[in-house]
Amino acid sequence: MHDTLCSYYTDSEDITNYMASMLEVNNGDVILEPSAGSGLFIDELLRTNKTIHIDGLDIDKKAISILKEKYKNNSSVSIRETDTLFDQELDKFQQTDLWLKNTDTLFDEELDFFESAGGHYSKVIGNPPYGAWQDYEKRDLLKKKYIGQYVKETYSLFLLRCISVLKMHGKLSFIIPDTFMFLNLHHKLRSFLLTKSKISEILIFPSKFFPGVSFGYSNLSIITLERADKKSSLENEIKIYKGFKDSSEFALLHTLKNELPTYIESYTLKQDDIFNTPQHRFILAEKSENTIIVNSEKTLGDVADIVTGFYSGDNTRFIRVKDKSVKGSKNYEIVDSEKISTEKSLYGIENMQEAYIPYVKSSSKTKYAKDDDEWFVRWDKETVNYYNSNKKSRFQNSSFYFRKGICIPMVKSSSINAFLMENKVFDQSIVGIFPRDENKMLYVLGLMNSDVINKIIHIINPTANNSSNYIKQIPYKEPSKQKLDEISNLVKEALQLTKNHNFDELSNIHKKINSYFTEIYTA
């Protein structure tokens with residue numbers, strides 16, 4: 001069942017204290033909490049003891065009812081559950097007002113009016129839902145309303161929406177995944193952020209700091225910004241901090257900013273520089289690495305085809321495994337060796353009722369070459385015909401099946417083990433790299449196993465996935481033909497050593513290869 005709300009209620013005083021302090025709440029502020037949840041941000045706002053007006057919105061009617069009950073005996077707060085945020089009493093501020101409204105923030109018509117009027121709120125604070133499932137009908141409506149934005153991810157739309165209802169110079173502080181900083185899908189959101197707001201500070205930290213939430217694919221972040229015009233936005237400098245070991249360290253940013261622990265990394269980026277990077281991506285790296293990424297004349301995608309592979313539509317039905325010692329083989333049957341074919345045909349193996357061919361489905365324990373075949377996919381003619389007609393199957397990028405190429409797993413690890421593939425079909429969980437000049441195959445194989453490229457990949461996309469679109473963006477540098485040939489010969493030797501399991505000598509050869517690429521990319 002799809003989770004349509006994905007509301008993660010903030011339950012960390014370190015987080016709420018930091019975010020409220022960044023807003024600098026003043027008497028007379030009109031504040032929006034667009035996903036009020038259990039009211040922890042509202043609690044923090046009330047602790048400022050300022051005379052303010054708070055609009056607490058939530059799509060969950062039950063949450064609004066709980067909030068109304070929570071604050072009904074608070075004599076210092078005037079609470080009202082309302083269908084409208086318009087009222088002649090709005091600006092009286094005789095005491096703190098809390099108005100609660102059950103609504104969909106992304107479609108609320110009064111927020112549409114506030115946006116068209118140039119903004120309404122002086123402050124916005126929140127923890128918007130992320131990862132919430134949108135049914136296809138709602139997704140179509142969101143596409144029409146938020147043109148060009150990635151509508152499958154709710155947090156980005158909340159951020160866009162809430163900046164739009166801020167008054168000029170109004171402030172916002174949100175806790176959201178850090179993927180808005182670098183995923184290709186969010187490049188239009190980044191363009192909006194960088195030209196419509198001055199981002200004062202971004203904190204990046206593990207999701208474990210946030211009770212009850214654990215993301216394997218990314219970190220969380222707190223972004224604080226001020227709505228501004230394009231000129232002042234692009235002139236602004238952003239402070240970004242990462243490497244925190246505990247959320248209690250957020251308070252140090254107010255008390256010991258110039259004496260932070262050495263493990264907390266800090267970056268100062270000009271918004272104009274970010275705006276002028278490819279797809280307006282935030283690049284958190286040393287100056288030399290940043291220069292390599294931004295100023296590279298060529299990318300890997302310019303010299304190689306980079307694609308993902310095949311999906312059967314029902315793996316446990318069509319995929320077989322060598323034996324049960326193979327990692328991930330629990331739900332798979334062992335292949336019948338008599339049914340394994342070495343034929344190569346996009347149309348399937350003829351003259352065999354049930355045939356299997358070697359299949360690249362998993363990562364390699366070693367660099368350069370993979371051990372013996374572990375996985376097999378059914379490939380008789382009747383089954384291949386089924387793949388081509390079945391809606392769930394993906395017979396994608398089939399022109400690269402059985403070709404010589406380089407494989408890396410889609411799932412990222414601390415160090416990439418790229419390996420050579422030949423005469424096989426590869427899975428959609430594998431990224432296949434096919435140099436257009438096959439004479440450079442071994443050079444690219446060495447490149448993909450180098451430390452410098454491993455580091456750059458993690459900078460380009462810090463999430464857990466190595467999708468093909470990010471691999472295409474790897475800067476590509478090529479040395480003289482003499483040096484390229486030297487590297488290719490070393491990689492050829494490394495391939496043989498890997499196949500012979502001579503790992504001691506392989507380690508020495510790999511160090512030589514690695515030093516070549518360090519020299520090429522730091523020259």
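**Close-up 1. Helix α6 and its N-terminal cap.** E153 caps the N-terminal end of α6, with a side-chain oxygen lying 3.4 Å from the backbone nitrogen of Y155; a polar contact here is a pair of N or O atoms within 3.5 Å, in which, within protein, one must be able to donate a hydrogen and the other to accept it, and residues adjacent in sequence count only if both atoms are side-chain atoms. This is a predicted model, in which local features need pLDDT of at least 70 and side-chain atom pairs count only at pLDDT 80 or more, whereas totals for chains, interfaces and linings use all residues. Residues are numbered from 1 along each chain as its sequence is written, and side-chain values use heavy atoms, with hydrogens and water left out. Because 11 of the 11 residues of α6 are buried, this helix is largely enclosed by the rest of the structure; buried means under 20% relative accessible area, exposed over 50%, and partly exposed in between (1.4 Å probe, protein chains only). Helices (H or I, at least four residues) and strands (E, at least two) are DSSP runs, numbered from the N terminus.

Close-up 2. In α5 (residues 136-145), the buried residues are K138, R139 and L142. They cover an arc of only 100° around the axis, which puts them on the same side of α5; the arc is that of the directions from the helix axis to the C-beta atoms. Y136, E137 and K144 are exposed on the other side of α5, while the cover over its buried residues includes α6 (154-164), contact meaning heavy atoms within 4.5 Å.

**Close-up 3. T277 in the loop between α10 and α11.** T277 lies in the loop that runs between α10 (271-275) and α11 (287-295), and T277 is buried, with a relative accessible area of 10%. Its side chain reaches the backbone oxygen of I274 at 2.7 Å, and a polar atom of the T277 side chain also lies 2.9 Å from the backbone oxygen of R281. Not counting residues up to four places away in sequence, T277 touches I283 and V294.

**Close-up 4. The packing of α15 against α19.** Helix α15 (residues 441-448) packs with helix α19 (residues 503-522) at an angle of about 85°, their axes being 9 Å apart. The two helices are therefore roughly perpendicular to each other, a term for angles of 65 to 115 degrees. Y443, G446 and L447 in α15 meet I513, F517, I520 and Y521 in α19.

How values were computed: Axes fitted to C-alpha atoms, helices over the stretch in contact; angles between N-to-C directions. Parallel < 35°, antiparallel > 145°, perpendicular 65-115°, else oblique.
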